[in-house]
Amino acid sequence: MIDIHSHILYGVDDGCKTMDDAINMIKECIKSGITDLFFTPHYSYRRKYTVSYEEIEMKFDALKQEVSKNNLNINLYLGSEIDETSQIYNFLKNSTCHTMNQTKYVLVDFGTRIADIDDICYELIVRGYIPIIAHPERYTYIDDIDLMKKWKKTGALLQVNASSLFSNGIIKKQASLLLKNKLVDFIASDTHQNNKTIDFLSKAAHYIEQKFGKEEAIRLFVTNPQKMLKS
């Protein structure tokens, strides 16, 4: 499996705090069957997650060295989870935050405030990026499946959190509706420092295979994420 959304890179946001925390979480990832893992630290002025591009690169390199020293068999990649902002294009243009593995894919969170998601995705697309909308099932201000279909027609991709498939209430309902309408492109852990969110990823892969078939599971957990492994 390939996990495109995690907060395991240490000391940069509300995820893992130390190198040891990160190594322990990476070990859990390997146990669960993850072969390739993206670190996507938050970049958000509103939430005060603004660690510099250079510091994130430094910690990423240090963590990769530690993973190699511990003989952990996993491939690591760097990205960002960028909170929606009118400055997002400038952030990307000026290398303030990361695209996914230096590709044209960009992971964006629209959940911190009401936003015109379709317009922002369109502006990113015309500038050559491919926006991935992070966990739209959690956006309480969106309850229109036709609007989500519009995002897809515009060219955005949708990433659902594995834990949402096993939650309660509206989040689970929205995740199920997205899957039923074939709007989901990725399922990821969005893990911070909780082993259960890693376990949910393997559980979600089994659930998708049982309910929607093996091909759909491969598409969501392998084939689509693989497009970001090529820079």
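Modeller: Buried means under 20% relative accessible area, exposed over 50%, and partly exposed in between (1.4 Å probe, protein chains only). The model is predicted, so local features need pLDDT of at least 70 and side-chain atom pairs pLDDT 80 or more, while totals for chains, interfaces and linings use all residues. Residues are numbered from 1 along each chain as its sequence is written, and side-chain values use heavy atoms, without hydrogens and water.

The count comes to 11 salt bridges (a Lys or Arg side-chain nitrogen within 4 Å of an Asp or Glu carboxyl oxygen). One of them pairs arginine 47 with aspartate 83, with the closest N and O atoms 2.7 Å apart. Arginine 47 lies in the loop between β3 (42–43) and α2 (53–69), and aspartate 83 lies 36 residues away in strand β5 (residues 81–83); helices (H or I, at least four residues) and strands (E, at least two) are DSSP runs numbered from the N terminus. Aspartate 83 is buried at 3% relative accessible area, whereas arginine 47 is partly exposed at 31%.

Glutamate 84 and arginine 113 meet at 2.9 Å, N to O, in another salt bridge. Glutamate 84 is in the loop between β5 and α3 (88–93) and arginine 113 in the loop between β6 (105–109) and α4, so this pair ties together parts 29 residues apart in sequence. Glutamate 84 is buried, at 6%, and arginine 113 is partly exposed, at 39%. Shared partners join Arg46, Glu84 and Arg113 into one salt-bridge network.

Within helix α2, lysine 59 and glutamate 55 are four residues apart, about one turn. Their closest N and O atoms are 3.5 Å apart. Lysine 59 is buried at 13%; glutamate 55 is partly exposed at 30%.
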